[in-house]
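Here are my notes for a colleague coming to this structure for the first time. Please read them with the model open.

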Amino acid sequence: MNVTITVNGKTYTHDIEPRISLVQYLRETLDLTGTHIGCDTSGCGACTVSVNGEAVKSCTMLAVQADGCEVTTIEGMAQNGEMHPIQAAFKEKHGLQCGFCTPGMVMVAADILKNHPNPSEEEIRHGLKGNFCRCTGYHNIVKSIQLAAETLNE
Amino acid sequence: MIPAKFDYIKASSISEAVNLLDKHGYDAKILSGGQSLLPAMKLRLNRPEIVIDIHGIPGMDTIEETGDEVIIGANCTHTQILNSEVVYKNLNIMHQAVQTLGDVQVRNRGTIGGSLAHADPSADYPAVVLACEANIEVEGKNGKRSIAATEFFEGIFTTALEDDEIITAVRFPKIAHGTYLKFYQSASRFAVVGVAVVHEGSGVKVGITGVADTPYRATEVEKAYNGNSDAAEHAVDGVEVMSDHFADSEYRAHLAKVMVKRALEA
Amino acid sequence: MGNFIGKAVKRREDARFLKGAGTYTDDIKLPKMTQSAFVRSPYAHAKILSIDITEAEKADGVVAIFTGKDPCGDYGVPCGWQVDFKNGETMREPKHPLLAKDKVKHLGEAVAIVIAETLEQARDAAELVEVDYEELPAVTNPLKAMEKDAPLVHDEWEDNAAFDWCIGNDRAEVEAALEKAHHVTVMEYRNQRLAPNAMEPRSYIADYDVNGDRYTLYTSTQNPHLIRLLLCAFALGIPEHKVRIVSRDVGGGFGSKIYHYTEEALLTWASKEIGRPVKWTSDRSEAFLTDAHGRDHVVKSKMGFDKDGKIVAHLTDEYCGMGAYLSTFAPAVPTYLHGTLFQGVYTTPLIHLNVTAPFTHTVPVDAYRGAGRPEATYLLERIISKGAQEMGMDPVEIRLKNFIPPFDGVEQEGYQTQVALQYDSGNYERALKKALDKLGYEDFRKEQKKAREEGRLLGVGISTYIEGCGIAPSAVVGALGARAGLYEVGQVRVQPTGKVSVFTGSHSHGQGHETVFAQFVADKLGIDMADVEIEHGDTDQVAFGMGTYGSRSLSVGGSAIIKSIDKILEKGAKIAAHKLEAAEDDLEYANGKWTVKGTEKSVSFGDVALTAYVPHNYPEGLEPGLDFSSFYDPGNFTYPFGTHIAVVEVDKDTGKVELQRFVAVDDVGNIMNPMIVDGQIHGGVAQGVGQALLEEVVYDEGGQMITGSYMDYAMPRADDLPMIETDNTVTPCPHNPLGVKGAGEAGAIGSTPAVVNAVVDALAHLGVTDIQMPLKPQTVWKAMQN
C-alpha cells in the first residue's frame, strides 16, 4: 500500500507491503543504513529513530504505521555537516567503540534530554534501559549524555 | 525477522474497527502501539491475516478527569500516562507503574489498551487495575459495556473480551494512597513480581502480577490486613505460583510476600 | 614521548559511526544480489528422514534451494587447532558440514538454505521446506556427556571425548602434597555457558564473478586473511589468489567473529552455483543458536595451603564442553589458553590440571572475551579467597603471602611458571596496593561492620588477575597444536608526497586502530597524524594478516608496523645522507627530518619520500620507493595483570545484588591512548560483571535453549552498572618495541571473580562460602537460606 513518510525533512511516497517494518523501509527502500537491527524482540534499541519527536524502536513499528509521520534518523542529526551536540559529545567522551549501537544511543539520548534537560546519572541510566551496548560498559555513554546536556544548556 | 503476510486496514472509527473484527474474527488482530503484537508476529508466533490499526481513532487517546474518576483512553501511550499531571495527582499509583514499564521507546509507542488486551501475565498494569478496581470500557457489535478489572483477566493472554470487542478506555477511581512495586526479571524487565496496593480507609486492595498465570487480587492479604504488613504472608494463598529459570515457585512465592510487605509499608 | 603516544587522542573513526555512515556488511547492497534464509533444526539431536522442497521451490521469488544432499553437503569447515589425547590418540575431529545431511547434532543446525529475490520471499519459502525428523536423545552437560550411557554426538567413536589433556607437575606429586597440606579448599562448580552477543549479528555476502573466476566474500569477521585461508585451503578447496575477503566495519566481536562459520563457506559456494551474489544476515534468534558460545567448564578443584596460608599445591579436573563440532580455535581454549594461566600471580610450587573435552548436542563453544583465561582466573581468584575465608584470613593478606615478587624481565629474569609459560614482567603487589588505596579498603571494612550491625549485607571482593596475550611465538604454538602461525603483518607505504598508508593484518571492530596505530606511526615518523591512514579488513589491500583476538593487535600487529617503520627510516637515512652529502652515521632523525648532527643542515621526511619515488639524484644501487612490509613473530606472550575490586550490597530479603563500586587497576604495559584503554576496561568489566550476575545460556535436558532471546538472556543494561573507577600501573613489556601488553580482555578476566568474591564476602557471616554463577537473586537468596 502507499505510504507517505517524511524522513530527515524529505518526503517520500512508496508502495510497500504492510509487513515491512519501519527499519526495513529506512534501510532497504531509502538506503538509510545508519539505523541498525540488533535483535528481533525489541530488546536492543539499535534501531531507535525519532517519530514525530519521540524515540521509537523502528523494528517494532510497521512502515505503514508511520504514514504521515515525521521521522528523524541518525543521518538527519548532523546539520550542514556539523555534528549535533549529542554526536559531538559521544566523540569527545569516547561514548562508542564498534559503533553499531551508537545511532540508537544517540537517538534515545535525544529523547532523554528532551524530557530531562539536566538529567541525573540515574535518569540517564534509566533512560538507556532499552538500548544494549556490549563495548563501553555504558560508562562513557553516560558521560557523553552528561556532556551533551551541558552543551545543549549553554 | 519478518512477519508472515497480512492485510493492513487502518480503522477511522471504533465502529469501523468493531465491524472489521466481527467480519474477520480469529483471522484479525487489533494493532494499537504494536509493542507486544509486532514482536510476536515477527517471530511468527502470531500470524493474523488482517491487522486492524486503531491508532489515531479520534477520542481514544485522551486522559480525562471527572468528579471522582480518571478516564484513560485505550490508545494513550505509556509516555502520555507518565507525563500526565492528572494521573500524577489523582492516580499516582499508575504513574509509579508506568515508570517501571518497558523503556523509553516502548513507552512512546505502547498503549494501555494494547497492554491490557494482550494480558501478559507479567505485565504491570493488571496489578494496578485490579487494586484500583478500575473498569475496562469495551465496545463490540452489541454495543458498549464495562468490564470490572476483577472480571477481566482469565488466563495467560486471555481476557473477558469477546472476539468482536475492543477496549476503548479504562476508568479509574481517583486513588489518594497507592503504591506499585516491581521486582524485575533481569532480561525482559517484565515483572517477576509486581504488587499494587491501594489504601482505602483502614483497608487495602492488593493486585499482584507476575506470580500466577493470571494476575489476581490477594484477597487473603486484604482480609488479614489490619494495619499490619505481616498480612503479606498470605500473598500467594490459594495461588498456583509460576516457575521459570529466573524464579522457581518457591522463590517467586517468597518474593511475592516480600514485595507485598514492602508495598504495604510504603 | 612524541606528540601523540600516551595521549587521549579522540578517535578518527567516530565521525562515520556517529553520522550513521559506517559500512557494516548488512549495509552493503550489490547489483543482482539475492537474499537467503536457513531452515534450521528444531531438535538438538535427530535423524533427518526426508526433506521436501517441492512447495518451497514453487514459492514466489525463489532462486534456489540447497540441502545437504547437494554437493555443498560434502564440504565442511575445519578446526584450526589440534590437541591429541594424553595417550597419543589423535584428536577426534568430526566433519562439520555446511548443511547437515543425515543427522542434526545441535539445535539450530542448518539443514537447507533458501535463496530468493527478497528477504521476505526467502523467509516465506523457508517455512515451506518440510523436514521429517526422528528425534533422538541428546546430552548438553559436559559432565553428563562423559557418563557411560550418554547419547553419542558422533557415532564413529565409542564415547563423547574429543580429546583429553593435562599440564603442570606430576599428578601423584600434587596429590601427595595435598594430602600433607594444613588446609585444603575444595570448589565444584560450572563456569556457565555464555553467548557473546556482539551487537551486530553476523552477516555475509558472497559474490562470485564468473568472468574473472573470482570470489568476493564480504563478512563480519575479526580476521579476514584467516577466513580466506580456511575457506580456500580447507572448506571449499578453491584457489586463494582468486578470493577476496572484505571485512570493513564490524559491530563487535568478542571472539565470536574469529571463527570460520559454515554459512561463510556455504554462501561462497552457492554464489557460484547461482551466478549471483547471495546475502545472509543472522537474526538475533539465529545468533543465539548458531554463534559460537563461550566457557562451559565443569570444574572440580582442590587447593592446599600451609598453616601460614601459603599455597602448597593445586589440583583441578575439568570437563569442558566443545559443543557438537570443533570450532576454529575451540581445542585451544580450555587447554593452552587456560591451563597455562594456572600459576596466576602466586608462587604455587605444584600444579596439575586435567581436562576432558566432550562433545555435547549444543552449538560449538569457542573463544569468548578472554578465552580460557577468565575461566582460569575465576577459579584461582575464587579458590584463594575461599581458602582465606575458611582459614580466617583476610583476602588481601593471603594474596600478599603468595605473590610472585616483582620482576621487570630486564634486570630480573622472567618468572618461570609450573605450567610452561615464562611471565615477561610483573609487579602484582603494586597494583593491589593501588587498588586498595583507591577503594579505601580499611574504611570499607569499618563501614561493612557497621552495616552488618544494621542488618545490611555489604561485601568486598578482590581479584588479582594475570592473563596471557599475543599468543606466540609461532614455532611454539605450532608445537602445541595450532594449525596457523600467530605472527602479524604490517606494511608501511610512504607515498611520494610523504603521506603514509599503513596496511595492517590486525582488524578493528571497535578497538580504534585507525586512531591508535596512527598515533604511534606519526610519532615514530615525526609527522602529523593527519598524514597517516590505517587500512585494514580487505585481503586485496593488505598483504596478509592473522587478525584481532587475544588482545594482540598492538603488541603483535603494532610491532609489525614498527618493524616496517624501522626499515623505512633505515632506507630514508641512506637517501637523506645522499641528499645532504653526509655520512649516514652523522645523521639523526627527529621531528620528521634528518639533520647532520651539530649543523642546521637537514632534509625532511617528505623530501626523502619524493626522492625515493623520483630517484634522479639518488644513492647508487639503492632501489627506488619507500614501502616495506614486515612479519612480526613475538618472542613470548605478554602478561597484563592487575587488581579488580567490587563492592556489592545484597538485599537480604530478595537476594538481589547491587554492584555499588568497581575499582580496576590494570597494568597493560605502556599505554598508547589512555582514553581507549579505559574504554576497553569499562567494556570488559561490564561483560565480566555480566557473567558474574546475569548471563547464562541454558539448554534444557532435551537440548532446547530456554534463553534464546533478550527476553530471557540477561545482559548488563545501563542501570545494572555503576561508573567504573579505573587506574593503571605501568610495567612495560620487555620484549616488544612498544612495551605494550594488551588491554582488550583484562576487564573481562579480572572482574568476574571480584564480583562473586564480593557477594560471598557479604554473606560470609551467614556461612556462605560459594555460589554458582550467575548470581541471580534466586540463587543468592537460596544460598542464604542454607
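How much of residues 1-177 of chain B is helix, how much is strand, and how far apart are the end C-alpha atoms?

1. **The annotated stretch of chain B.** Residues 1-177 of chain B are 36% helix and 25% strand. The end C-alpha atoms of this stretch are 44 Å apart. Please keep in mind that this is a predicted model. The stretch carries a UniProt annotation, "domain: FAD-binding PCMH-type", which comes from an unreviewed entry.

2. **Chain B as a whole.** Chain B contains 11 helices and 14 strands. Its radius of gyration is 18 Å. A compact globule of 266 residues would have a value near 18 Å, so the two agree. Along the principal axes, the C-alpha atoms of chain B fill a box of roughly 55 × 45 × 35 Å.

3. Of its 266 residues, 62% count as buried. Take the contacts between residues at least 6 apart in sequence: 59% of them join residues at least 24 apart. Chain B exposes about 10100 Å², and carbon and sulfur atoms supply 46% of that area.

4. **Charges in chain B.** There are 24 positive and 36 negative side chains in chain B. The centres of the two sets lie 5 Å apart.

5. **Chain A, fold and size.** Chain A has 5 helices and 5 strands. From the N terminus, the order is β-β-α-β-β-β-α-α-α-α. The C-alpha atoms fill a box of roughly 45 × 30 × 25 Å along the principal axes.

6. **Chain A, burial and surface.** In chain A, 66% of the 154 residues count as buried. Of the contacts with a separation of 6 or more, 58% are between residues 24 or more positions apart. The accessible surface is about 4900 Å², and 44% of it belongs to carbon and sulfur atoms. Chain A carries 11 positive and 17 negative side chains, with the centres of the two sets 7 Å apart.

7. **A helix of chain C to look at.** What does helix H3 of chain C, residues 119-128, bury? The buried residues are C:Glu120, C:Ala122, C:Arg123, C:Asp124, C:Ala125 and C:Ala126. They pack against helix H1 (22-29) of chain A. Within chain C, their partners are strands E1 (34-40), E3 (62-67), E7 (110-116) and E14 (278-281), together with helix H2 (54-58).

Key:
Residues are numbered from 1 along each chain as its sequence is written. Chains are lettered from A and ligands numbered from 1 in the order in which they are written. This is a predicted model: local features need pLDDT of at least 70, side-chain atom pairs count only at pLDDT 80 or more; totals for chains, interfaces and linings use all residues. Side-chain values use heavy atoms; hydrogens and water are left out. Helices (H or I, at least four residues) and strands (E, at least two) are DSSP runs, numbered from the N terminus. The radius of gyration is taken over C-alpha atoms; the globule rule is 2.2 Å times the number of residues to the power 0.38. Buried means under 20% relative accessible area, exposed over 50%, partly exposed in between (1.4 Å probe, protein chains only). Contact means heavy atoms within 4.5 Å. Accessible areas come from the Shrake-Rupley method with a 1.4 Å probe; for residues, only the protein chains shown count as cover. Lys and Arg count as positive and Asp and Glu as negative; His and the chain ends are not counted. The place of a charge is taken as NZ of Lys, CZ of Arg, CG of Asp or CD of Glu. UniProt positions are given in the numbering used here, feature names are shortened, and annotations may be inferred rather than shown by experiment.
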